[in-house]
Amino acid sequence: MKRLLLGDEAIAQGALDAGLSGVYAYPGTPSTEITEYIQMSPLAKERGVHSRWSTNEKTAMEAALGMSYMGKRALVCMKHVGLNVCADPFVNSAMTGTNGGLVVLVADDPSMHSSQDEQDSRFYGKFAMVPTLEPSTQQEAYDMMSYAYDLSEQLQLPILMRVTTRMAHSRAVVKLADTPREPNDLNYNAKASNWVLLPAFARKRNDVVTSQQPLLEQMAVDSPFNRYVEGQRTTDNGQQMTDNGQQMTDNGLGIIASGIAYNYLMESFPNGCPFPVLKVSQYPLPKKLVRRMTDDCEEVLICEEGQPFIEDMVRGVMPGNAVIRGRLTGQLPRTGELNPDVVKKALRLLTKDSGQTPLQLPRGGVATDCGGFAPCEDVVPRPPALCQGCGHRDVYTALNKVLLNYPNARVFGDIGCYTLGFLPPYKAIHSCVDMGASITMAKGASDAGQWPSLAIIGDSTFTHSGMTGLLDAVNENSDITVIISDNLTTAMTGGQDSAGTNKFEAICRGLGVSEEHLHVVVPLPKNMEEITRIIEEEINYHGVSVIIPRRECMQTLQRHLKQKKAEKSDK
């Protein structure tokens with residue numbers, strides 16, 4: 001059977017067909033659709049596959065590790081910055097090892113379409129000393145899931161699988177397996193001493209993981225997803241050119257391409273690439289194949305999405321006789337995502353600089369000097385903005401009105417659609433660093449003598465990693481005002497369930513916030529007088545106070561109203 005699937009959907013279907021028992025995740029673009037697909041899957045429902053959202057990436061990783069401990073196959077999904085949140089259990093999962101297969105799927109976001117940075121998660125795989133997979137097509141993304149689970153159980157290691165935005169959010173036809181694999185049965189084969197990381201046991205396990213590295217590298221050399229392809233010359237009509245019966249190749253230039261960059265490279269050569277190509281989709285880096293290329297070729301272009309991960313290693317320890325080209329030398333842009341035109345431009349530059357006849361490559365669009373697509377001059381740029389009718393708008397309106405009386409006030413923001421409060425017309429926040437940082441930064445500023453010091457955080461972000469910061473503030477009775485802007489969902493990533501919905505007052509009380517300084521308001525224009533009065537009063541209370549403006553997100557509200565209307569019409 002064939003289906004048209006997003007890369008995320010291909011990963012999800014591949015995991016289900018590989019015998020998945022549970023997916024654990026926190027919503028984060030561009031990884032969100034994986035969990036949503038499993039949540040809607042009839043096969044997942046039939047088999048009782050766990051698919052509820054986790055509070056954050058750390059809890060997701062730990063729960064998935066617990067499922068693996070019992071012999072079941074688990075998937076944990078996140079975006080790249082989420083891997084920072086779960087770095088502790090992720091790195092230590094290599095020390096414990098796995099029982100059932102465990103795949104950690106991370107979706108990187110080069111060009112920062114919806115992220116704070118361009119982090120490259122391949123570094124985490126190298127750091128943790130675990131195999132890393134990087135599919136180049138949606139079909140590979142599907143096929144790799146079964147391979148990854150088998151590999152995890154064979155090596156008793158977690159497998160890191162890294163995709164990027166274009167792989168996650170583009171569609172292709174994918175051929176599915178005829179019969180999904182049955183989930184694993186519970187088993188109790190996990191060796192207890194591996195899973196209790198007391199120093200005496202952890203040292204032994206560290207020796208095992210370290211000694212596995214030559215095996216992992218040889219597996220990368222032999223991997224069906226890594227391959228070395230000799231170049232070939234073709235005529236204009238696609239016929240392969242030969243010289244005295246021998247295939248004509250051009251070893252002046254060799255190309256190492258990883259992940260989706262390999263796909264972009266192949267788009268330039270529909271009749272076959274004239275240069276030797278090393279495709280890399282499984283790590284550790286297959287050094288044996290790299291050395292073959294750097295020994296045979298005069299120049300090597302390294303095409304990779306993200307940071308110069310491969311380029312750094314090749315340049316440092318195995319350049320051979322070749323001159324290494326790539327992101328560090330300017331043939332490819334140092335930042336941002338690649339696209340087919342960027343790769344084509346690099347090839348033109350290299351063949352021209354080397355004295356060869358410049359390649360006449362097919363073009364995929366109107367290219368700019370930087371190799372990207374020229375923007376349409378008729379389209380006026382429109383910055384993102386909070387939705388009309390959004391409750392965050394009324395919160396910022398009230399906040400700005402009060403803070404006119406406090407010219408030195410500092411408002412520490414957080415990750416979510418309410419971060420748009422930094423932009424006009426509100427210009428209401430002064431920082432946004434990482435999930436949950438608003439409360440702890442406000443506390444630190446207060447510790448430094450700043451007053452007033454305010455934090456604004458969303459409901460889902462608060463449960464993700466804001467609660468511990470609030471506990472710190474309560475323990476020291478910090479002079480801060482915390483606004484938990486509750487729109488009853490995880491709005492920024494599409495309206496997923498929020499772990500703390502309808503629990504925030506109880507959470508705050510449990511953390512020690514005084515009932516007298518815990519307020520719930522409804523952010524509407526008609527309530528503006530009440531809201532501004534409460535903000536003013538709590539700023540002037542020199543201790544921890546929490547204000548919870550609560551009104552449903554306009555997007556989910558409209559969705560719920562449509563559902564109710566449809567249900568009513570069905571009756």
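Buried means under 20% relative accessible area, exposed means over 50%, and partly exposed lies in between (1.4 Å probe, protein chains only).

This is a predicted model: local features need pLDDT of at least 70, side-chain atom pairs count only at pLDDT 80 or more, and totals for chains, interfaces and linings use all residues. Residues are numbered from 1 along each chain as its sequence is written, and side-chain values use heavy atoms, with hydrogens and water left out.

**Exercise 1.** Classify both partners of the salt bridge between arginine 509 and glutamate 515.

*Solution.*
- Step 1: Recall the term. A salt bridge puts a side-chain nitrogen of Lys or Arg within 4 Å of a carboxyl oxygen of Asp or Glu.
- Step 2: Check the pair. The N to O distance is 2.6 Å.
- Step 3: Classify. Arginine 509 has 42% relative accessible area and is partly exposed. Glutamate 515, at 48%, is partly exposed.

**Exercise 2.** Trace the salt bridges of lysine 443 to aspartate 447 and glutamate 476.

*Solution.*
- Step 1: Start at lysine 443. This residue is buried, at 10%.
- Step 2: Go to aspartate 447. The closest N and O atoms are 2.9 Å apart. Both residues lie in helix α18 (residues 437-447), four residues apart, about one turn. Helices are DSSP runs (H or I, at least four residues) and strands likewise (E, at least two), numbered from the N terminus.
- Step 3: Go to glutamate 476. Here N to O is 3.1 Å. Glutamate 476 sits in the loop between α19 (459-475) and β18 (481-485), so its pairing with lysine 443 ties together parts 33 residues apart in sequence. Glutamate 476 is exposed, at 51%.
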